[in-house]
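Student: I'm new to this one. Could you pick a single part and walk me through it slowly?

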Amino acid sequence: VQLVESGGGLVQPGGSLRLSCAASGFTFSSYVMGWFRQAPGKEREFVASSNWIIRNSHYADSVKGRFTISRDSAKNTVYLQMNSLKPEDTAVYYCAASRLGGSSTNGYDYWGQGTQVTVSS
């Protein structure tokens, strides 16, 4: 199983980034895909998830209206479009896969290595 994130970087406040996560080694369409983030000195926190089976997505309150999760099953890839970025969005962003979904890290079976997002002027 592999989850490989890409697309992180340095962006100014108000800017946008799109993260990608390429999945392999499991049945992508059967799993809920999620994004989490971890800032220095803080616990890893839920950002967004996408349940392909019931066509439903969930977002943390802190990113609602600014971030959008999507997935391309033909490419086994999940994306996180991040707009109107704020300094407090600075963190390492992780892609994860779960059979059940939810907002707890404990519910996710597979994790990527993370990609750094820094929002600063």
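Tutor: Let's look at how strand β4 (residues 32-38) lines up with β9: the two pair in the antiparallel sense over seven bridges. Strands here are DSSP runs of E with at least two residues, numbered from the N terminus, and two of them pair if DSSP finds at least two bridges between them. Across from Y94 in β9 you'll find F36.

Before going on, a word on where this comes from: it's a predicted model, where local features need pLDDT of at least 70, side-chain atom pairs count only at pLDDT 80 or more, and totals for chains, interfaces and linings use all residues. Residues are numbered from 1 along each chain as its sequence is written, and side-chain values use heavy atoms, with hydrogens and water left out.

Back to β9, which has other partners too. Strand β11 (residues 115-119) runs antiparallel to β9, joined by three bridges, with T115 of β11 opposite Y93. Strand β10 (residues 110-111) pairs with β9 in the antiparallel sense over two bridges, and there W111 faces A96.

How covered is β9? Mostly: seven of its eight residues are buried, meaning under 20% relative accessible area (1.4 Å probe, protein chains only).

Now for the disulfide, a pair of cysteine sulfur atoms within 2.5 Å. A search of the whole structure turns up one, joining C21 to C95 with an S to S distance of 2.1 Å. That pair links distant parts of the chain, 74 residues apart: C21 sits in strand β3 (residues 17-24) and C95 in β9 (residues 91-98). Both C21 and C95 are buried. The torsion about the S-S bond of C21 and C95 is about -75 degrees, so this disulfide is left-handed.

Terms used
Helix = DSSP H or I, 4+ residues; strand = E, 2+ residues; numbered from the N terminus. Buried < 20%, exposed > 50% of the residue type's maximum accessible area, 1.4 Å probe, protein only.
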